[in-house]
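Good morning, and thank you for coming. I shall present one structure today, and I ask that you follow along on the display.

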Amino acid sequence: MTRIACIGEAMIELSMLETGAQVGVAGDTLNTAIYMRRAAPDLQVEYVTCLGDDPFSGRIADFIDSHRIGTSGIRIIPNASPGLYAITTSADGERSFTYWRSEAAARQLFADHNFSPLNGYDVLYLSGISVAILPHAVRLALLDWLEGSSVRLVYDSNFRPRLWDSVEHARQINQRLWRRADIALPSIDDEMALFGESADQVAARFAVHHGIGALKRGENGPLSIGQNIEQTYEPAKSVLDTTAAGDSFNGGYLAALLTGKSQAEALMAGHNLASTVVQFRGAIIPG
């Protein structure tokens, strides 16, 4: 059975309503883990993060377990707590986000530069958020470890400028991760923003990527990385909320690819799942 570790940060989510707040759990790599596990129940998907010993951390751990995601990779840090963010929706439907995550337990992931908990997995899945929340010295140590390991690496840059200490560090780390990634899952908008390139320049850069993957382009459908695939992708019938569109694409694509489906089938699976998810409100749609 293929064993996959999804690495990153799971946070408490507050959806602000007229009558109060709805409490949930969210995180980009966690969203992908959930959709991958749903689409391919035979995959052994586990989540690697740090949580505290507070009730909200317990709520996150229970949420992860309820989606049949393994929790053995979660390290509990005494007196720590998870990150928190709130979603506020204006009268015209625009969403805004407020974050409290600077002291989140997940920022202590690999703080001792000990990466042995990652041994034994067949596949590791990282995002730009996973590495952006870490101190730069830890990022560099993680990259050194990855470059010395033969584990299959999946990466999505998921660029969030506010999380990085500098654009220079973001570019440095992402360039090394793209060179190392066996499966590349970039979004064209993120890559344009990070590297200041045009859409054509991003596509040309990934056209010579050594591995396989997908360049996500929203409703236009993905461009295949590593294989020349020509197929048509139908846009979503309606779009209510694009939260987790890219995360769900990654989950659907990886579920197909890691269970032996072809590149063409994996691309279509990812696109179709994302097209379904954007028709619902919230990151995780009813299963």
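In this predicted model, strand E10, residues 183-184, and strand E11, residues 212-215, run parallel and are joined by two bridges. Within this pairing, Ile 183 has Ile 212 of E11 as its bridge partner.

Let us now consider the sheet as a whole. It is an open sheet of eight strands with mixed pairing, and the order is E5-E4-E1-E8-E9-E10-E11-E12. Strand E5 (74-76) and strand E12 (223-225) are the edge strands, each pairing on one side only.

Which strands does H5 touch as it packs on the sheet? H5 touches strand E8 (123-127), E9 and E10, and its direction makes about 135 degrees with that of E9. H9 also packs on the sheet, where it touches E11 and E12. The direction of H9 makes about 35 degrees with that of E11.

H9 has a helix partner as well. The axes of helix H8 (residues 245-257) and helix H9 (residues 263-277) come within 7 Å and cross at roughly 145 degrees. The crossing is right-handed. Among the residues making this contact are Phe 249 and Tyr 253 of H8, and Leu 267 and Leu 273 of H9. By class, the contact has eleven nonpolar residues, five polar residues and no charged ones.

Finally, I turn to a single residue. Ser 157 lies in the loop between strand E9 (152-156) and helix H5 (167-180). Is Ser 157 buried or exposed? Ser 157 is buried, because its relative accessible area is 2%, and the cut-off for buried is under 20%. Its side chain makes a polar contact with the side chain of Glu 191, at 2.5 Å. Other residues that Ser 157 touches include Asn 174 and Trp 178.

Key. Residues are numbered from 1 along each chain as its sequence is written. This is a predicted model: local features need pLDDT of at least 70, side-chain atom pairs count only at pLDDT 80 or more; totals for chains, interfaces and linings use all residues. Side-chain values use heavy atoms; hydrogens and water are left out. Helices (H or I, at least four residues) and strands (E, at least two) are DSSP runs, numbered from the N terminus. Buried means under 20% relative accessible area, exposed over 50%, partly exposed in between (1.4 Å probe, protein chains only). A polar contact is a pair of N or O atoms within 3.5 Å; within protein, one must be able to donate a hydrogen and the other to accept it, and residues adjacent in sequence count only if both atoms are side-chain atoms. Contact means heavy atoms within 4.5 Å. Axes are lines fitted to C-alpha atoms, for helices over the stretch in contact, and angles run from 0 to 180 degrees between N-to-C directions. A crossing is left-handed if the near helix is turned anticlockwise from the far one by less than a right angle, and right-handed if clockwise. Ala, Val, Leu, Ile, Met, Phe, Trp, Tyr, Cys and Pro count as nonpolar, Asp, Glu, Lys and Arg as charged, and the others, Gly among them, as polar. Two strands pair if DSSP finds at least two bridges between them. Lists of a residue's contacts leave out its neighbours within four places in sequence.
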